[in-house]
Amino acid sequence: MPVLPDLADERGHEAEALLALVLAGGPARPLRDLLEHFGNARDTLAAGLSAWRAAGLGPQQMQALAVAAPGRMEQVRRWLDHPRHHLLGWRDPDYPPLLRSCPNPPVAVFVDGDPAQLWQPAIAIVGSRNPSAAGRDNAYEFASALSASGLCVGSGLAAGIDAAAHRAALDGGGSTFAVIGTGPDLAYPRRHAVLQEQIAAAGAVVSEYPPGTPARSGQFPSRNRLLAALCLGTVVIEAAERSGALITARLAAEAGREVFAMPGSIRNPMARGCHRLIRDGATLVTQPADILEGVANLAGELAGALQNRLSTPIPDAPGVPCPAPTLPDQDYQRLWNALGHDPTGMDSLIRCTGLTASRLSSMLLVMELEGKVSSAYGCYTRT
């Protein structure tokens, strides 16, 4: 059995045990079942060979759990020492709810950036790595509009359409996250290292692979399932008939998400994948409003999950002072009173309420999804 280090608190012990489970690799389902059964990673790790075997772990997984690789563990531990780096495990209350409901969710995800970004209502924008100039412009335009409407833009940090979508969200001051097929400390392609750093600083970079994991072809389709699951819908802008973007679209449909496709010229080979998606039932889109209408119901489900996480119901009666709330709703009372029908920026809300930016962001997201608040260009108003 591996010997857990003598850390100062239970949370540290749990994180170390979770790392051991993640580094064991192999199928995630038996590891999730063990975590559900024992309730935490420490007890799962201490359960021993008989429990692991009964849950369906393979010989290599059990060997990896029984004999920890200290060098690999230390590499990941050093990465997690950075305050911007996080590991969200299956039993963690901050594990993204949309990811939890997808087929074969990972035991844990590594996040470089703000984990709260993964609770934001998001749209994935994907497509060709070698798009036409019009395709790149369309990706940038749609991402800009969706970001300005308050949605987060998700993509895979690939060349072409992905990069254009991320840059549009960053340029407009909106939120964006990237789901990558390497460890969170590596950029692929390498020329996107600066872009990846910008996304992590302003949003989040997500991976199910531990730090130090290089790019391998089989990891990118797996990456696509996470991107599809974390977003309310996936928009495909220019894709060949065989492409990773079509894989993402298929996985989005399998996860119960909306799939959108932008039509193009019949003479453009990069439009054939989109036309195939439309023929197979994807929603044809020509403007961002088509997407907003299509994901309204799923956005409501996400709002409910976030409300449960925060345990703070939203007061009704927009436009008039809310009834005095009971704890912990006093924060909402102060925020509601600070909001008006003229746009109010985050700095002003922080001064008026005394709340932190992270707390306000979570509260405003719930209120926005409930239809109480609208946002544009970083300012908020009552609806």
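Modeller: A residue counts as buried under 20% relative accessible area, exposed over 50%, and partly exposed in between, with a 1.4 Å probe and protein chains only as cover. This is a predicted model, in which local features need pLDDT of at least 70 and side-chain atom pairs count only at pLDDT 80 or more, while totals for chains, interfaces and linings use all residues. Numbering starts from 1 along each chain as its sequence is written, and side-chain values use heavy atoms, without hydrogens or water.

Colleague: At what relative accessibility does C102 stand, and is C102 buried or exposed?

Modeller: C102 has a relative accessibility of 6%, so it counts as buried. C274 stands at 0% and is therefore buried as well. A disulfide is a pair of cysteine sulfur atoms within 2.5 Å, and the structure holds 0 of them.

Colleague: What percentage of the residues of the chain count as buried?

Modeller: Of 383 residues, 50% count as buried. The accessible surface, from the Shrake-Rupley method with a 1.4 Å probe, comes to about 17000 Å² for the chain, and 52% of that surface belongs to carbon and sulfur atoms. For contacts, the criterion is heavy atoms within 4.5 Å. Among contacts in the chain with a separation of 6 or more, 68% are between residues 24 or more positions apart.

Colleague: How many helices and strands does the chain have?

Modeller: Helices (H or I, at least four residues) and strands (E, at least two) are DSSP runs numbered from the N terminus. The chain has 18 helices and 12 strands.

Colleague: In what order do the strands of the open sheet come?

Modeller: Two strands pair if DSSP finds at least two bridges between them. Here 9 strands make an open sheet with mixed pairing, in the order β1-β2-β6-β5-β4-β3-β7-β8-β9. At its edges are β1 and β9 (283-284), each pairing on one side only.

Colleague: In which sense do β1 and β2 pair?

Modeller: They pair in the antiparallel sense, over 5 bridges. L87 stands opposite F110 in β2. Strand β1 (residues 85-89) is mostly covered, with 4 of its 5 residues buried. A parallel case is β3 (residues 122-127) with β7 (residues 233-237), joined by 5 bridges. There V126 stands opposite V236 in β7.

Colleague: How many aromatic pairs are there?

Modeller: A pair of aromatic rings is described by the distance of the centres and the angle of the planes. Rings of Phe, Tyr and Trp (its six-membered ring) pair if their centres lie within 6.5 Å; planes under 30 degrees apart count as stacked, over 60 as edge-to-face, and the rest as tilted. The count by this rule is 3. One of the pairs joins W79 and F110, edge-to-face, with 6.0 Å between centres and 75 degrees between planes. W79 is in helix α6 (residues 70-80) and F110 in strand β2 (residues 108-113), so this pair ties together parts that are 31 residues apart in sequence. Both W79 and F110 are buried.

Colleague: Why is the pair of Y188 and F220 tilted?

Modeller: The ring centres of Y188 and F220 are 5.3 Å apart and their planes are at 45 degrees, so the pair is tilted. Y188 sits in the loop between β5 (176-179) and α10 (193-202) and F220 in helix α11 (residues 219-230), so the pair ties together parts 32 residues apart in sequence. Y188 is partly exposed, with a relative accessible area of 46%, whereas F220 is buried at 14%.

Colleague: Which arginine lies over the face of W90 at 4.7 Å from the ring centre?

Modeller: A charge sits over a ring if NZ of Lys or CZ of Arg is within 6 Å of the ring centre and within 35 degrees of the ring normal. The residue at 4.7 Å is R100. R32 also lies over the face of W90, at 5.6 Å from the ring centre.

Colleague: Let us end with the backbone. What kind of peptide bond joins Y188 and P189?

Modeller: That bond is cis, with omega about 0 degrees. P189 is found in the loop between β5 and α10.

Colleague: What is the phi of N104?

Modeller: N104 is not a glycine, yet its phi is positive, about 55 degrees. N104 lies in the loop between α7 (97-100) and β2, and is partly exposed, with a relative accessible area of 42%. L157, likewise a residue other than glycine, has a positive phi near 60 degrees. L157 is found in the loop between β4 (152-155) and α9 (161-171), and at 0% relative accessibility L157 counts as buried.
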